[in-house]
Amino acid sequence: MDADEALRRCGTDPQRGLDGAAAARRLAEHGPNALPEAPPRPAWLGLLRQFKSPLIYILFAAAVLAVALGHHGDAGVILAVVVVNALIGSFQEGRAERSMAALRRLSGLHVRVLRDGAERVVEARELVPGDLMLLAAGDAVAADARLVEQVQLQVAEAALTGESVPVSKSVTPLPEVTGLADRHDMVYSGTHVTGGRARAVVVATGVHTEVGRIAGLTERAEEPKTPLELRLEQFGRALVAAALGLFVLVVLLGLWRALPLPEVLMVAISQMVSMVPEGLPVAMTIALAVGMQRMAERGAIIRRLSAVETLGSTTVICSDKTGTLTRNEMTVVELWLPGDGTPREIAVGGIGYAPEGRLLEQGRPVDARDPALAGLLAAAVLCNDAELQPPAGDAAWTVLGDPTEGALLVLAAKAGADPATLRRDAPREAELPFDSDTKLMATRHRLGGAPRRVLLKGAPEALLRLAHGEDAATLAAARAQAEAMATRALRVLAFGSVDDDTLDAAAGFDALAGRVRLLGLAGQIDPPREEVRQAVAECRRAGIRPVMVTGDHKLTGLAIARALGIADDGDGRGACRAVDGPELERMGEAELREALPSIAVFARVQPAQKLRIVEALQARGEVVAMTGDGVNDAPALARADVGVAMGITGTEVAKSAAKIVVTDDNFATIVGAVQQGRVVYGNLKKVILYLLATSMAEVLVLLLALLGGFPLPLAAVQILWINIVTEGTVTVNLVMDPPDGDEMRRRPVSRDDRLLGTALLRRVALMTPMIAAVTFGWFAWRLSQGVPEDLVRTETFTVLAMCQWFNVLNCQSATASALGARLLRNRWLVGGLSLSVALQAAVLYLPPMNALFHTVPLPPASLLPLVALASLVLWAEEARKLRARGGRR
Ligand code: ATP
């Protein structure tokens with residue numbers, strides 16, 4: 001059916017869209033525009049999943065063995081441990097998953113619609129049948145819709161039809177029976193717009209769309225494991241292998257020492273269990289979730305979990321200029337008109353979008369009555385899609401649409417021309433929209449009774465290439481002027497016109513070659529964002545190189561890069577070169593790779609070249625973050641290690657290709673996210689250090705006792721307790737540590753940084769013997785004094801638990817003292833420690849627990865020397881840190 005019929009049947013006003021009340025009613029009636037999700041996994045399944053681990057199998061085997069040996073109490077403890085462990089695991093995991101799901105919802109699709117006669121941005125979920133969608137290049141189509149109006153609309157439908165090139169659309173009705181791929185009067189959910197624009201009335205949402213019918217229920221998409229997760233798994237497997245070896249060793253030593261076999265077996269099993277880093281996967285999940293949360297609070301929404309850790313290893317950030325490094329608040333400050341042989345220069349006063357300020361030519365006011373100026377202003381206003389909005393109440397003047405274009409409307413108003421009147425008198429009949437490849441835009445108008453005229457604006461080189469060469473001197477002067485303006489950090493636009501011409505989408509701008517008359521140039525300032533200078537400096541301290549990749553002119557880019565510290569002043573030491581698109585084109589791969597370290601600015605870059613820049617940087621071993629906003633940026637965003645899409649100016653296509661979305665478009669936010677990425681990695685390393693040092697220490701104590709011919713220093717259930725309860729209550733909390741503050745003064749984490757690097761192993765080499773010496777020393781000394789074995793074991797058990805408490809404080813920082821304010825920074829850890837102490841007291845002083853854990857109550861006074869002794873573990877590390885700090889200073 002034709003478009004009008006479709007609108008009528010949907011009850012949609014073609015000028016105003018739906019009204020708000022009707023949209024709300026339809027939303028209630030048809031439900032949200034989303035595919036039904038698989039129901040969340042029930043809690044009991046999450047719990048059950050915890051039992052699917054080798055650790056649990058080992059523990060079950062131990063329980064069976066305990067029963068066989070008649071140690072029913074031990075068997076009960078082991079089973080309780082299994083259950084508690086599973087409960088903690090599933091609780092923590094559930095929490096992390098819920099917060100991640102909530103964050104993921106933030107990165108949902110958005111659509112522009114017409115409602116109550118005004119343009120609104122709504123979430124794709126809120127679309128209802130009858131909504132009038134506004135589509136432009138880069139938009140995702142979020143529901144099935146009938147086209148009502150379109151200008152050169154191109155839609156990529158590969159996801160739906162498999163057709164690899166974008167298809168053109170039209171509003172002409174089609175025969176009743178037409179295959180999906182040929183329905184040119186419709187657009188479908190799941191596709192995206194690559195060019196042109198359109199209005200379309202929504203006819204189906206949710207499951208009723210074509211994709212909805214295919215997809216039915218969406219499966220819970222399990223996110224693939226991140227590289228760090230894989231490395232942690234590998235590390236875990238190595239520890240499990242070591243644990244098995246240890247089991248054999250302990251049993252053999254026990255036999256050699258002729259200790260009672262059942263007891264040796266039980267201890268060997270417990271020891272094996274304590275080597276298994278069961279806290280690690282949970283710690284990893286929580287570290288990523290917390291990282292994601294903290295990044296979201298600072299304006300960076302994570303779309304792929306792996307971005308959290310990759311951000312921490314980023315070595316180069318390639319950033320757009322406009323809006324990311326600059327404020328994207330344009331003001332035209334200079335005009336240049338070709339004149340009749342003698343060029344004219346006009347200064348424009350005033351700042352911001354308020355149309356207040358005068359135009360002065362050599363100190364004398366000029367305005368729109370000047371014919372040459374009027375010609376330029378006509379192009380500036382008519383070849384323009386923005387709207388200038390007067391202030392409401394105390395607010396300032398605002399621009400709807402592209403700020404570059406908004407500034408031109410302000411310019412016209414300052415010169416006394418009314419944009420609305422101009423537009424009414426010269427209606428637009430056709431257009432070639434702006435895109436970052438051609439860097440041009442053209443529109444065709446009927447001007448009063450005069451013939452049709454095509455008006456153009458765009459980057460000076462692009463426009464001057466089309467100019468007719470009547471007066472070569474004027475064109476040369478224009479080129480020189482454009483460069484001079486760019487050197488002063490101005491964003492330069494050129495304007496031109498062609499009389500009595502047609503605009504042909506297929507032929508594009510080339511059809512106008514040699515016929516464009518130059519109307520003049522306009523230079524705009526776009527002040528740098530204040531916070532970026534500092535963020536750039538922070539990047540450099542952190543060993544990350546910022547690079548500008550801009551569509552703007554080389555000299556404009558370089559001037560701003562210098563102002564922000566991205567480019568050096570050209571003293572030859574740092575990166576100071578600017579390379580533009582054509583130069584980049586001429587460079588070979590090897591040459592480019594060679595030149596990369598000296599390039600601070602890539603200018604006049606076409607989106608396809610961004611991909612090449614990313615690949616060249618990666619070939620040099622860099623970990624690249626790249627920003628982007630347009631449709632054509634998607635390949636580069638997908639290829640970069642961290643694709644960063646702009647939240648405000650970004651297209652939906654760019655957002656879905658990116659790994660993170662920066663909600664305020666700000667470079668400083670990206671740098672903040674890098675810091676959080678480093679925090680996550682650092683915190684995981686703390687957990688690894690802690691787990692490794694403590695389990696190695698326990699092993700050492702046991703082996704020393706066996707080799708030295710002593711009785712077993714700990715009962716099997718005591719080993720389990722230390723491992724699961726004492727450690728379990730604190731380990732995970734280490735990943736909640738706030739930033740240390742020096743994250744951005746370290747080098748980026750190398751991609752193949754070993755989890756167990758030398759620095760970490762060196763710390764293990766101090767902690768482990770310290771804990772072992774303290775624990776075993778006490779045990780041996782007390783035995784030598786003839787103290788009853790039960791009491792000695794209880795004391796040894798308690799000293800070991802205390803050592804773990806002190807050691808978790810050690811692990812918080814490699815250099816900073818654990819004492820003082822730092823102690824209270826991580827309230828999760830304080831809570832975990834308090835819980836752990838309370839539980840240990842229960843094992844010592846509650847009679848039923850005494851029976852189960854083979855402990856005897858220790859007189860409170862005797863705890864003092866134990867605390868003092870165990871604290872040596874802390875003092876030793878404090879001494880090392882003191883020396884390290886001294887060394888670093
Ligand atoms: P960045 O990629 O750093 O954000 P940018 O926003 O300046 O840079 P583009 O938007 O691709 O990059 O603009 C490139 C050039 O195209 C500008 O320098 C300007 O000369 C011209 N230009 C920008 N916007 C328009 C427009 N709306 N119409 C015509 N020409 C434009």
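Contact here means heavy atoms within 4.5 Å. The structure is a predicted model, in which local features need pLDDT of at least 70, side-chain atom pairs count only at pLDDT 80 or more, and totals for chains, interfaces and linings use all residues. Residues are numbered from 1 along each chain as its sequence is written, and side-chain values use heavy atoms, with hydrogens and water left out.

The overall architecture comes first. The protein has 889 residues, and 53% of them are buried. Buried means under 20% relative accessible area, exposed means over 50%, and partly exposed lies in between (1.4 Å probe, protein chains only). The secondary structure comes to 33 helices and 26 strands. These elements are DSSP runs numbered from the N terminus: helices are H or I runs of at least four residues, and strands are E runs of at least two. Along the principal axes, the C-alpha atoms fill a box of roughly 115 × 70 × 55 Å. The protein exposes about 37700 Å², of which carbon and sulfur atoms supply 59%. Accessible areas come from the Shrake-Rupley method with a 1.4 Å probe; for residues, only the protein chains shown count as cover. Among contacts between residues at least 6 apart in sequence, 72% join residues at least 24 apart.

Four domains are assigned. Domain 1 spans 3–26 + 127–215, and domain 2 spans 227–295 + 674–888. Domain 3 covers 299–325 + 529–668, and domain 4 covers 331–524. The bounds come from an automatic or database domain assignment. The C-alpha centres of domain 1 and domain 3 lie 35 Å apart. The contact between these two domains takes 7 residues from domain 1 and 4 residues from domain 3.

The ligand is surrounded by 19 residues. The closest are Lys 321, Glu 405, Arg 491, Thr 550 and Asp 552. By class, the shell has 5 nonpolar, 5 polar and 9 charged residues. Ala, Val, Leu, Ile, Met, Phe, Trp, Tyr, Cys and Pro count as nonpolar; Asp, Glu, Lys and Arg count as charged; the others, Gly among them, count as polar. Domain 3 and domain 4 each give at least three residues to the shell. Strand S18 (452–458) and strand S19 (491–499) each supply at least two. The largest share, 3 residues, comes from S19.

A polar side-chain atom of Asp 552 lies 2.8 Å from an oxygen atom of the ligand. For a polar backbone atom of Val 492, the distance to a ligand oxygen is 3.0 Å. For an N or O atom in the side chain of Thr 322, it is 3.2 Å. Taken alone, the ligand exposes 620 Å², and the protein buries 91% of that.

Several loop residues were examined individually. Thr 651 lies between strand S25 (642–646) and helix H23 (652–657). Thr 651 counts as buried because its relative accessibility is 12%. Its side chain reaches the backbone oxygen of Asp 629 at 2.7 Å. Leaving aside neighbours within four places in sequence, Thr 651 is in contact with Ala 137, Gly 138, Asp 629, Gly 630 and Val 631.

Asn 632 sits in the loop between strand S24 (624–628) and helix H22 (634–639). At 33% relative accessibility, Asn 632 is partly exposed. Beyond neighbours within four places, Asn 632 contacts Asp 437 and Pro 607.

Ser 813 is in the loop between helix H28 (789–810) and helix H29 (822–825). With a relative accessible area of 5%, Ser 813 is buried. Not counting residues up to four places away in sequence, Ser 813 touches Arg 763, Arg 822 and Lys 881.

Gln 152 is not a glycine, yet has a positive phi of about 45°. Gln 152 lies in strand S4 (residues 144–156) and is partly exposed, with a relative accessible area of 33%. Gln 362 has a positive phi near 50°. Gln 362 is in the loop between strand S12 (359–361) and strand S13 (364–365), and its 71% relative accessibility makes it exposed.

How values were computed. A residue is near a molecule or strand if one of its heavy atoms lies within 4 Å of it. A polar contact is a pair of N or O atoms within 3.5 Å; within protein, one must be able to donate a hydrogen and the other to accept it, and residues adjacent in sequence count only if both atoms are side-chain atoms.
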